[in-house]
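Got a minute for a quick tour of a metal site and its neighbours? Have the model open while you read.

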Amino acid sequence: MELHKLDRYAKALIKEAGSKIRHSFSSELDIETKADANDLVTNIDKEIEQFFIERIRKDYIGHRILGEEGFGDDVKSLDGFIWMLDPIDGTMNFIHQQRNFAISLGIYQDGIGVLGYIYDVIHDELYSAQKGQGAYLNDERIPMLEPTTIPNAIIGMNASWVVPNHHIENEGLIRLVQDVRGIRSYGSAALELAYVSTGRIDAYMSMRLSPWDVAGGIVIATEVGAIATNLSGQPLKFLGQDTFLVARKGLHDSLLANYIALK
Ligand code: IPD
Ligand code: CA
Ligand code: CA
């Protein structure tokens, strides 16, 4: 498989999907809930996933698709080529704000991330990477990340983990909030990975993410020297939900050793 050709194809598809999303702003959204009242999905999430799947099935026979909205394949192993797609990451933002959402796509070959994309549709900013070839924001190469320290760091984290919860010892996170320079929460895991990759924030963590939220971003972040694991420090398996941590070197170890204790 020629990855350069696949890369050009994926980028064109993402741009076309982005333009469909932009055009959707002029029509009324059909909003439904999924697992709970705040887990939202719209007709556009579904239409965009179907758009990708139709094209990929026609042009890359044998490739499988793991998509959030469930129109793809029932993926139980990582053999061969798998497109891990979130048609809109940050659906709540998409509905409430019409910004701060992204298309998130990772293409994996036998479990290895070979191509990664995060498309900030509203800013027309495409973050992309091919394994071993560096990461780009549109046509500009993204520089490698320098190490940083906790007092100088801005951390991406949802405030709900700082109050008592079933997943993590919240005292550690209270100390973290006190020790770091700042905390941010953007409501799109994919964009938060893009921001770690470009140094706008220094780390991002979550208690529960799915493969399509992080598959593209991990390829990009890894190319600029960030480290991505689950919150136990183990590599992600991409076949179900897991905790998540991505950070600059140094910061990743220090967060795991001094602030994060899962229940
Ligand atoms: C969600 C966003 C959000 C994260 C959630 C994800 P969705 O994805 O990435 O930032 O906290 O865990 O499910 O539902 O908007 O695609
Ligand atoms: Ca998502
Ligand atoms: Ca989504």
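This is a predicted model: local features need pLDDT of at least 70, side-chain atom pairs count only at pLDDT 80 or more; totals for chains, interfaces and linings use all residues.

Residues are numbered from 1 along each chain as its sequence is written, chains are lettered from A and ligands numbered from 1 in the order in which they are written, and side-chain values use heavy atoms, with hydrogens and water left out.

**The calcium pair**

- The calcium ion (ligand 3) picks up E68 (OE), D86 (OD), D86 (OD) and I88 (O) at 2.2 to 3.0 Å; donors here are N, O and S atoms within 2.8 Å of the metal (3.2 Å for Na, K and Ca), and as water is not among the atoms, sites may look incomplete.
- Along the chain, the donor residues of the calcium ion (ligand 3) run E-x17-D-x1-I.
- E68 sits in the loop between β3 (64-67) and β4 (81-89) while D86 is in strand β4, so this pair ties together parts that are 18 residues apart in sequence. Helices (H or I, at least four residues) and strands (E, at least two) are DSSP runs, numbered from the N terminus.
- D86 in strand β4 and D213 in helix α6 (residues 211-223) are 127 residues apart, and the pair links distant parts of the chain.

- D86 is buried at a relative accessible area of 1%, where buried means under 20%, exposed over 50%, and partly exposed in between (1.4 Å probe, protein chains only).
- D213 is buried as well, at 10%.
- E68 comes out as partly exposed, with 25% relative accessibility.

**Ligand 1**

- Ligand 1 sits in the largest pocket. On a 1 Å grid over the protein atoms alone, a pocket is an open set of points with protein on both sides within 12 Å along at least five of seven lines, and a molecule sits in one if more than half of its atoms lie within 2 Å of its grid points.
- β4 and β12 (203-209) are the elements that give two or more residues to the shell around ligand 1, and the largest share, three residues, comes from β4.
- Residues around ligand 1 (a heavy atom within 4 Å) include E68, D86, I88, D89 and D213.
- A polar side-chain atom of E68 is 3.1 Å from an oxygen atom of ligand 1.
- Backbone N or O atoms also come up to ligand 1 oxygens: one of I88 at 3.2 Å and one of A189 at 3.0 Å.
- Of the 370 Å² of accessible area that ligand 1 has on its own, the protein covers 74% (Shrake-Rupley method, 1.4 Å probe).

**Helix α5**

- Helix α5 (residues 189-197) is largely enclosed by the rest of the structure, because nine of its nine residues are buried.
- Among the buried residues of α5 are A189, E192 and Y195.
- Just after α5, G199 has a positive phi of about 80 degrees.

**N230**

- N230 belongs to the loop between β13 (227-229) and β14 (242-247).
- Is N230 buried or exposed? At 8% relative accessibility, N230 counts as buried.
- The N230 side chain makes a polar contact with the side chain of D242 at 3.2 Å. That term means a pair of N or O atoms within 3.5 Å; within protein, one must be able to donate a hydrogen and the other to accept it, and residues adjacent in sequence count only if both atoms are side-chain atoms.

Conventions:
On a 1 Å grid over the protein atoms alone, a cavity is a set of points where a 1.4 Å probe fits but cannot get out, and a pocket is an open set with protein on both sides within 12 Å along at least five of seven lines; lining residues have an atom within 4 Å of a point.
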